[in-house]
Amino acid sequence: MFYRESGDFKKTYQKDSQTFPIKFDRWRYYFVMLVAFVVVPMFLTDYIANAVMIPFLVWAIAALGLNILVGYTGQLSLGTGGFMAVGAYATYKLMTAFPGMDMVSVILLSGLITAVVGALFGLPSLRIKGFYLAVATLAAQFFLVWLLNKVPWFYNYSASGQISAPQREMFGVIITGPHATPVAGYLFCLGFAVGLAWIARNLTRGRLGRSWMAIRDMDIAAEIIGVNPLTAKLSAFAVSSFFVGISGSLFFSVYLGAAEVTEAFGISVSFSVLFMIIIGGLGSIFGSFIGAAFMVLMPVLLKNVLVGAMGWPTDLAAHFEYIIVGGLILIFLIIEPHGLAQMARVLKEKLRLWPFPH
Amino acid sequence: MSEPLQKMEAASKLLELKHIDLSFGGVKAISNISFDVLEGEVRAIIGPNGAGKSSLLNVINGFYHPQQGEIWFDGKQRHSMKPYQIAYQGISRTFQNIALFKGMSVLDNIMTGRFTHMHKNMLWQALWKGPAEQEEIENREFVEHIIDFLEIQAIRKTPVGRLPYGLQKRVELGRALAAQPKMLLLDEPMAGMNVEEKEDMCRFILDVNDTFGTTIVLIEHDMGVVMDIADRVVVLDYGRKIGDGTPDVVRNDQTVIDAYLGVSH
């Protein structure tokens, strides 16, 4: 009825290759943007911002980055936590070394530094594939965390071994440090998330993205066509690490404020980002967001329901949270192994014909 | 048979292999094979199973590096090159068992074939608007010509994994054609097809040869097809060349007949 492509003829290739070819989708996208940028900030409370929205956006960026590597290029990586740590520490070093630098530059530079580190650790991917590559990237995870913990220069020789974000302003609004308002932090992260999602979409639909997917689907045929496996894989590692680095950077500077590398960026971070993209959908930008939403929102939601609405004791609820989230992951993966994004795709296919399926 | 002969006299050598030797450990896959491919011809390589046909294609393609021998392509001698560099020289191919990108649509698969013709760097692609989009649209136009040519308009947005075998073969041909190759290598393009699909494929191969002037090297087991569409045929057996010439010559060659039918000792 409302979700129709009939009668909507595309007369140029430009129109034919747009991100949302169906009018309803386009309007829904504008609507979501409006809600995210205008409506949400008006009603944002401290709790919602710090427990839900900011972590959601930060994890969504990390998931986007990992999805480029795992979902689009087919290179399994368990180094996400380590790369996020690189982003976070790069931000810390830049913020303390150049106090006058504006935050956007700091974060983009941190992303670039992480991209270089990521490309370096992507070198084994030229020789190793699949699970073995995952083990090789695990080395990156442990090595980077060890390095950042071991060399005091990275945390400016602070006694606690922690890094903490100094206060920074943009356009006169405080966005980092203890006095930052949640709305500012939220909008800052949202800007990055939307911008990076747009870049991810552009890269994955163009020449570079096709070379990534070609390497993922059939590397021999990709080579025959002219794709150099070296550049394709390393560019995927670099772009992915750029995203992950920015995510780590925001995670530290906007969300946590202070971090200690072994706690904040351990191996469990790598796994949880990997789960996000598996649940959300490999090779899907929407999937990265929905996977992050699932992993961030579900525990919060359950806690509110179990403790808030049903009055369970907190410790019992905390354990049940794990059980229920684990169970839900299982159920979703059994119903749709290709993730929530695939579910949405199937729903859309059905919706195109609904309510007259013939 | 006069027409292909005329074509041959006018044309120059596009590819020439001289005394190629290829072995894996102790196994000799190819020994001392020399032959040439003329510009614009359809050249078939035939031979019983394990004769070294696919290995030869892989040598031309750069997957295998022969221990001995020279390869001349387009007037230049080739020194050890990676397969992706050879793609830039103008050789593309299809595979015996389909090697399409299963997760991508037909359109994306064929667009990937345009890889060597697209040059905008990563930053332009990240922006999309502007030069990258322009380049994308130009190449899309070319790809649409190929889609029209192969008559697969209706399935251009279907993921290739969902297509039947015959159509997948056709898409793979499309992907190879999208690169606008000087030379097209086809590894058993008709394997596993029914008569009708074979006829379609034959027509496409001949059309490609006629309209684009692409030189074609193909491996095929269906002798009827080979004798019909090839200008010249190379026959291999146990890694050696046992016959070379026009289909008529090869058909009546005693060594070739012996290799195919066996000889009583």
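Glu188(B) lies in the loop between strand E7 (183-187) and helix H8 (195-212) of chain B; helices (H or I, at least four residues) and strands (E, at least two) are DSSP runs, numbered from the N terminus. This residue has a positive phi of about 50° although it is not a glycine. With 20 C-beta neighbours inside 10 Å, Glu188(B) counts as buried; a residue is buried if 20 or more other C-beta atoms lie within 10 Å of its own, exposed if 12 or fewer, and partly exposed in between, with C-beta atoms placed from the backbone.

This is a predicted model, in which local features need pLDDT of at least 70 and side-chain atom pairs count only at pLDDT 80 or more, while totals for chains, interfaces and linings use all residues. Residues are numbered from 1 along each chain as its sequence is written, and chains are lettered from A and ligands numbered from 1 in the order in which they are written.

**Another positive phi in chain B**

- Most residues other than glycine have a negative phi.
- Trp128(B), which is not a glycine, has a positive phi near 65°.
- The loop between helix H5 (122-127) and helix H6 (131-149) of chain B holds Trp128(B).
- Trp128(B) counts as partly exposed because it has 19 C-beta neighbours inside 10 Å.

**The sheet of chain B**

- An open sheet in chain B is formed by four strands in the order E2-E1-E4-E5, with antiparallel pairing; two strands pair if DSSP finds at least two bridges between them.
- Strand E2 (27-38) and E5 of chain B are at the edges with a single partner strand each, so one side of each has no neighbour in the sheet.
- Strand E1 (residues 13-24) of chain B pairs with strand E4 (residues 68-73) of chain B over five bridges, in the antiparallel sense.
- Leu15(B) has Phe73(B) as its bridge partner in E4(B), and Asp21(B) has Gln68(B).
- E4(B) is also joined by two bridges to strand E5 (residues 76-77) of chain B, and these run antiparallel.
- A hairpin is formed by E4(B) and E5(B), with two residues between them, and Asp74(B) in the turn has a positive phi of about 55°.

**Trp72(B)**

- Strand E4 of chain B contains Trp72(B).
- Trp72(B) has 15 C-beta neighbours inside 10 Å and therefore counts as partly exposed.
- Leaving out residues up to four places away in sequence, Trp72(B) touches Leu15(B), Glu16(B) and Gln77(B); two residues are in contact if their C-beta atoms, placed from the backbone, lie within 7 Å.
- From Trp72(B) to Arg170(B) there are 98 residues in sequence and 29 Å in space, C-alpha to C-alpha.

**Contact between chains A and B**

- Chain A gives 25 residues to the contact and chain B gives 33 residues.
- On the side of chain A that touches chain B, the elements giving two or more residues are helix H1 (13-16), helix H7 (182-205), helix H8 (207-217) and helix H9 (219-225) of chain A.
- H8(A) gives the most to that side, with eight residues.
- This side of chain A has 12 nonpolar, eight polar and five charged residues; Ala, Val, Leu, Ile, Met, Phe, Trp, Tyr, Cys and Pro count as nonpolar, Asp, Glu, Lys and Arg as charged, and the others, Gly among them, as polar.

**Helix H8 of chain A**

- H8(A) is largely enclosed by the rest of the structure, because 11 of its 11 residues are buried.
- The buried residues of H8(A) include Arg207(A), Arg210(A), Trp212(A), Arg216(A) and Asp217(A).
- The cover over the buried residues of H8(A) includes H3, H7, H9 and H10 of chain A, together with helix H4 (106-113) and H5 of chain B.

**Helix packing in chain A**

- Helix H3 (residues 46-72) of chain A packs against helix H10 (residues 229-256) of chain A at an angle of about 165°, with axes 7 Å apart; axes are lines fitted to C-alpha atoms, for helices over the stretch in contact, and angles run from 0 to 180 degrees between N-to-C directions.
- H3(A) and H10(A) are therefore roughly antiparallel to each other; angles under 35 degrees count as roughly parallel, over 145 as roughly antiparallel, 65 to 115 as roughly perpendicular and the rest as oblique.
- The contact of H3(A) with H10(A) has 19 nonpolar, four polar and no charged residues.
- Helix H4 (residues 80-97) of chain A and helix H5 (residues 103-122) of chain A pack with their axes 8 Å apart, at an angle of about 135°, and are therefore oblique to each other.
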